[in-house]
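Student: Hi! I'd like to go through a new model with you. Could you bring it up?

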Amino acid sequence: MLNFDAELAGRKRLMQLNELDEFRLHAYESAKLYKENTKRWHDKHIHHSEFEPRQLVLLFNLRLRLLPWKLKSRWSGPYEVVRVTSHGAIELRVLGGERTFLVNGQRVKHYYGGDFDCQKLKVLLAND
């Protein structure tokens, strides 16, 4: 019982608990700021696309695995947009087909192509 003062020990313990609460609140505030900055950065890098009916789009194939078709493109199509819902889903139809299917709007991108002229060209390089 040397140097034992119950009132002084109680005040010291109360100060330690208050300090612990301040650390906890500071950690919550830091985590909140970090999440806000991360969300702002993520939202800044999202590309919004507007789709309209009768527009041509490409569809991203999620199920294509890495090894069997390593050099195959993951984009298939073109498909025709039939309708766009308010929550972001898009109804697509195969060109010249009747069957329609619904996909997530983030899996499609605009199709700007057409028929490409695939010709081989010879380029001769002169040796000096």
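Student: Which side chain does Arg11 meet in a salt bridge?
Tutor: Arg11 meets the side chain of Glu7, at 3.5 Å from N to O. A salt bridge here is a side-chain nitrogen of Lys or Arg within 4 Å of a carboxyl oxygen of Asp or Glu. Before we go on: this is a predicted model, where local features need pLDDT of at least 70 and side-chain atom pairs count only at pLDDT 80 or more, while totals for chains, interfaces and linings use all residues. Residues are numbered from 1 along each chain as its sequence is written, and side-chain values use heavy atoms, with hydrogens and water left out.

Student: Thanks. Where do Arg11 and Glu7 lie?
Tutor: Both are in helix α1, residues 6-44, and they are 4 residues apart, about one turn of the helix. Helices are DSSP runs of H or I with at least four residues, strands are runs of E with at least two, and both are numbered from the N terminus.

Student: Is Glu7 buried or exposed?
Tutor: Glu7 counts as exposed because its relative accessibility is 55%. Arg11, at 48%, is partly exposed. The cut-offs are under 20% relative accessible area for buried, over 50% for exposed and partly exposed in between, using a 1.4 Å probe and protein chains only.

Student: Which residue forms a salt bridge with Asp43?
Tutor: That would be Lys39, with the closest N and O atoms 2.8 Å apart. Asp43 and Lys39 also both lie in helix α1, 4 residues apart. Lys39 is exposed at 52%, and Asp43 is partly exposed at 35%.

Student: How many salt bridges does the structure hold?
Tutor: There are 6. Among them, Glu91 and Arg83 meet at 2.7 Å, N to O. Glu91 counts as buried, at 14% relative accessibility, whereas Arg83 is partly exposed at 41%.

Student: And which residues are linked in a network of salt bridges?
Tutor: Arg54, Glu80 and Arg93.

Student: Let's step back. How many helices and strands does the chain have?
Tutor: It has 1 helix and 5 strands, running α-β-β-β-β-β from the N terminus on. Of the 128 residues in the protein chain, 14% are buried.

Student: New topic, aromatics. How many aromatic pairs are there?
Tutor: The count comes to 2. One of them is Tyr79 with Phe101, edge-to-face, at 5.6 Å centre to centre and 90 degrees between the planes. This pair links distant parts of the chain, with Tyr79 in strand β2 (residues 75-84) and Phe101 in strand β4 (residues 100-104), 22 residues apart. The rule takes rings of Phe, Tyr and Trp (its six-membered ring) with centres within 6.5 Å; planes under 30 degrees apart count as stacked, over 60 as edge-to-face and the rest as tilted.

Student: Why does Tyr79 count as buried?
Tutor: Because its relative accessibility is 15%.

Student: Last one: what volume does the largest pocket have?
Tutor: About 320 Å³. Of its 15 lining residues, the closest to the centre are His48, Ser49, Phe51, Gly105 and Gln106. A pocket, on a 1 Å grid over the protein atoms alone, is an open set of points where a 1.4 Å probe fits, with protein on both sides within 12 Å along at least five of seven lines; lining residues have an atom within 4 Å of a point.

Terms used. Points joined across faces, edges and corners; volume = space filled by probe spheres on them.
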